[in-house]
Amino acid sequence: MIWEAEKKLRGTDYLRRGNRRQQEAAETLDSLSIDTLTGVKEWALAGTIPLDIDLPESDLDILISTTDPESVRDDLASRFAHMPAFAVWPHGKEPGAWCVAFQSESYPIELFIHTTAIREQRAYRHMVVEYVLLERLGSSFQSHIRSLKASGLKTEPAFAEALGLDGDPYLALLEVDL
């Protein structure tokens, strides 16, 4: 099931067949032309929209893997610096990684630029685990997660609370036996 989740979540076809917000996300991703950015090896959409547990204010979290984060950062800046709320900052937890953010017509956008392969990035690993759990536990679990998120919890803490996991929710979620 994990392999199937990873395969599905690496593309955008599922978004095109998804709900209205997922379809809008696919259109927004197309408009960004991420594949044409200098030095991008691979990329994937992460976060709540792919999982259909998003809230109206949810953003598009785009993970990028590259051998040259600075070139990707600079290319993004040259393309999108004119966009509202444009910002660039070094990733706080991963040396050499960068974050770029701005507001598109439909969504707030956050791009996370790493040298790490997509399937090894924590955000992607969390999303795969969350996807499998949502598939296994069904629509009532999905509704519960949405409710916890609406009450103010971030995604991983919401899953940890719903599953009764102890400790750091970001680590505990990766240790769930699937």
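Select β2 together with strand β5 (residues 108-114): six bridges join the two, and they run parallel. Helices and strands here are DSSP runs numbered from the N terminus, a helix (H or I) having at least four residues and a strand (E) at least two. Two strands are said to pair if DSSP finds at least two bridges between them.

Before continuing, note that this is a predicted model, in which local features need pLDDT of at least 70 and side-chain atom pairs count only at pLDDT 80 or more, while totals for chains, interfaces and linings use all residues. Residues are numbered from 1 along each chain as its sequence is written, and side-chain values use heavy atoms, with hydrogens and water left out.

Then select Ile64, which stands opposite Ile113 of β5.

Now select β2 alone (residues 60-66). How many of its residues are buried? Seven of its seven residues are buried, where buried means under 20% relative accessible area, exposed means over 50%, and partly exposed lies in between (1.4 Å probe, protein chains only). In a regular strand the side chains alternate between the two faces of the sheet. In β2, Leu60, Ile62, Ile64 and Thr66 point one way, whereas Asp61, Leu63 and Ser65 point the other way.

**The neighbouring strands**

Ala44 has Leu63 of β2 as its bridge partner.

Next, select strand β4 (residues 98-103), which is joined to β5 by six bridges in an antiparallel arrangement. β4 and β5 form a hairpin, with four residues between them. Trp98 has Ile113 of β5 as its bridge partner. Five of the seven residues of β5 are buried, so this strand is largely enclosed by the rest of the structure.

**The bent helix**

Select helix α5 (residues 122-150). Where does α5 bend? The bend is at Gly138 and amounts to about 125°; it is the angle between axes fitted to the seven residues ending there and the seven starting there. The end C-alpha atoms of α5 span only 23 Å, whereas a straight helix of 29 residues would span 42 Å at 1.5 Å a residue. That expected span is 1.5 Å times one less than the number of residues.

Within α5, select Lys149. Lys149 is buried yet has no salt bridge, and the nearest side chain of opposite charge, Glu156, is 7.3 Å away. A salt bridge requires a side-chain nitrogen of Lys or Arg within 4 Å of a carboxyl oxygen of Asp or Glu. Lys and Arg count as positive and Asp and Glu as negative, while His and the chain ends are not counted. Leaving aside residues up to four places away in sequence, Lys149 touches Thr48, Ile53, Leu55, Lys154, Thr155 and Ala158, contact being heavy atoms within 4.5 Å.

**Positive phi angles**

Finally, select Gly152, which follows α5 and has a positive phi near 120°. Ala85, in the loop between α4 (69-80) and β3 (87-90), has a positive phi near 60°. At 61% relative accessibility, Ala85 counts as exposed.
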